[in-house]
Amino acid sequence: MGSKRGALIIFEGLDRIGKTTQSKLLCDYLSQDCNIRCERLAFPDRTTQIGGLIDAYLQRKIECNDRTIHLLFSANRWECMDSMRAKLLRGDTLIVDRYAYSGVAFSQAKGLDKTWCQSCDVGLIKPDLVLYFHRGKQANCLSYTGEERYETKHFQEEVETCFEQFRSSSHQWKDINVINADNNQMRNRETIQEEIRSYVKDTLKNLKSNDLEELWKD
């Protein structure tokens with residue numbers, strides 16, 4: 001499953017749907033069982049100066065208008081691009097919890113124009129694999145504490161509507177792979193992880209170029 005460059009693998013979906021757990025399991029699997037250099041990242045990256053502003057906003061310590069915070073989220077991704085590019089080109093596979101897709105979905109859920117939201121991330125590194133976690137029968141099972149600004153049931157439902165619209169109507173989102181994240185007896189954590197690994201194995205096997213494409217340029 002080796003390749004000259006690493007793969008960029010993105011996990012997307014609602015809050016508290018299992019992305020963090022599954023992305024960590026995948027990173028451990030690739031590193032320990034497959035001997036693949038692998039690193040897990042998450043956006044927003046709250047360790048940077050921009051990320052610190054985002055963290056304060058999410059914790060309701062500061063206020064920003066919707067366009068400002070969207071630009072900050074986008075800038076937080078952009079400030080990581082040089083490092084991500086270098087790691088991918090030296091052969092590291094990056095597993096990323098949230099990316100530009102969440103940026104658009106969350107801001108559109110607040111009423112911003114999708115085209116404008118998307119334009120801020122044109123030129124980011126294009127993922128090799130996007131896994132969208134769909135909650136399926138969990139529809140009434142996800143709970144939100146409201147500790148952070150976006151963690152409310154109503155807002156998450158609005159975000160989900162935006163994700164579903166992307167999936168069904170935009171050719172630029174046609175390569176998103178849907179993961180049924182319904183964590184019940186038939187879809188337990190191990191079953192979901194096995195499905196994820198099958199997508200990842202195919203992606204790593206079929207990487208054909210050392211070149212990194214740009215997101216949403218076509």
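**Entry 1: Asp 121**

I began with Asp 121 and looked up its contacts beyond the neighbours within four places in sequence: Ser 74, Arg 77, Trp 78, Ala 100, Leu 215 and Trp 216. This is a predicted model, so I keep in mind that every value here is computed. Asp 121 sits in the loop between α6 (114-119) and β4. Is Asp 121 buried or exposed? It counts as buried, because its relative accessibility is 0%.

One of those contacts, Trp 216, got a look of its own. I found Trp 216 in the segment after α8 (189-205). Trp 216 has a positive phi, about 60 degrees, although it is not a glycine. At 7% relative accessibility, Trp 216 counts as buried.

I went on to Arg 98, a residue other than glycine whose phi is positive, near 80 degrees. Arg 98 belongs to the loop between β3 and α5, and at 11% relative accessibility it counts as buried.

Then I checked the peptide bond between Phe 43 and Pro 44: it is cis, with omega at about 0 degrees. Pro 44 lies in the loop between β2 and α2.

**Entry 2: aromatic pairs**

How many aromatic pairs does a search of the whole structure find? I got nine. Phe 43 turned up again here, paired with Tyr 99; the centres are 6.3 Å apart, with 40 degrees between the planes, and the pair is tilted. This pair links distant parts of the chain, 56 residues apart: Phe 43 is in the loop between β2 (38-42) and α2, and Tyr 99 is in the loop between β3 (93-97) and α5 (100-108). Both Phe 43 and Tyr 99 are buried.

Next I looked at Tyr 132 and Phe 163. Their ring centres are 5.0 Å apart and their planes are at 35 degrees, so I put this pair down as tilted. Tyr 132 is in strand β4 (residues 129-134) and Phe 163 is in helix α7 (residues 153-169), so the pair ties together parts 31 residues apart in sequence. Tyr 132 and Phe 163 are both buried.

I also wrote down one aromatic cluster, formed by Tyr 57, Phe 106, Tyr 150 and Phe 155. Arg 149 lies over the face of Tyr 57, 3.9 Å from the ring centre. The charged end of Arg 67 sits over the ring of Trp 116, at 4.5 Å from its centre.

**Entry 3: helix α2 and Asp 55**

Tyr 57 sent me to helix α2 (residues 49-58), whose buried residues are Gly 51, Ile 54, Asp 55, Ala 56, Tyr 57 and Leu 58. What do the buried residues of α2 pack against? I found α3 (66-78).

A polar contact of 2.8 Å joins the side chains of Asp 55 and Gln 59. Leaving aside neighbours within four places in sequence, Asp 55 is in contact with Arg 46 and Glu 148.

**Entry 4: cysteines**

I searched for disulfides and the structure holds zero. Cys 27 is buried, with a relative accessible area of 10%. Cys 38 is buried as well, with a relative accessible area of 17%.

In soluble globular proteins, nonpolar side chains tend to be buried together. Here the largest nonpolar core has 42 residues, and those with the most contacts inside it are Leu 8, Met 84, Val 96, Tyr 99 and Tyr 101. At least two residues of this core come from each of β1 (8-13), α2, α3, α4 (81-89), β3, α5, β4 and α7. I noted a second, separate core of 21 residues, which includes Ile 17, Leu 26, Cys 38 and Ile 192.

Conventions: Residues numbered from 1 in each chain as written. Predicted model: local features only at pLDDT ≥ 70, side-chain atom pairs only at ≥ 80, totals over all residues. Heavy atoms only, no water. Buried < 20%, exposed > 50% of the residue type's maximum accessible area, 1.4 Å probe, protein only. Helix = DSSP H or I, 4+ residues; strand = E, 2+ residues; numbered from the N terminus. Contact = heavy atoms within 4.5 Å. Phe/Tyr/Trp six-rings, centres within 6.5 Å; stacked < 30°, edge-to-face > 60°. Lys NZ or Arg CZ within 6 Å of the ring centre and 35° of its normal. Polar contact = N/O pair within 3.5 Å; in protein donor to acceptor, adjacent residues only side chain to side chain. Disulfide = S-S within 2.5 Å. Core = buried A, V, L, I, M, F, W, Y, C linked by side-chain atoms within 4.5 Å.
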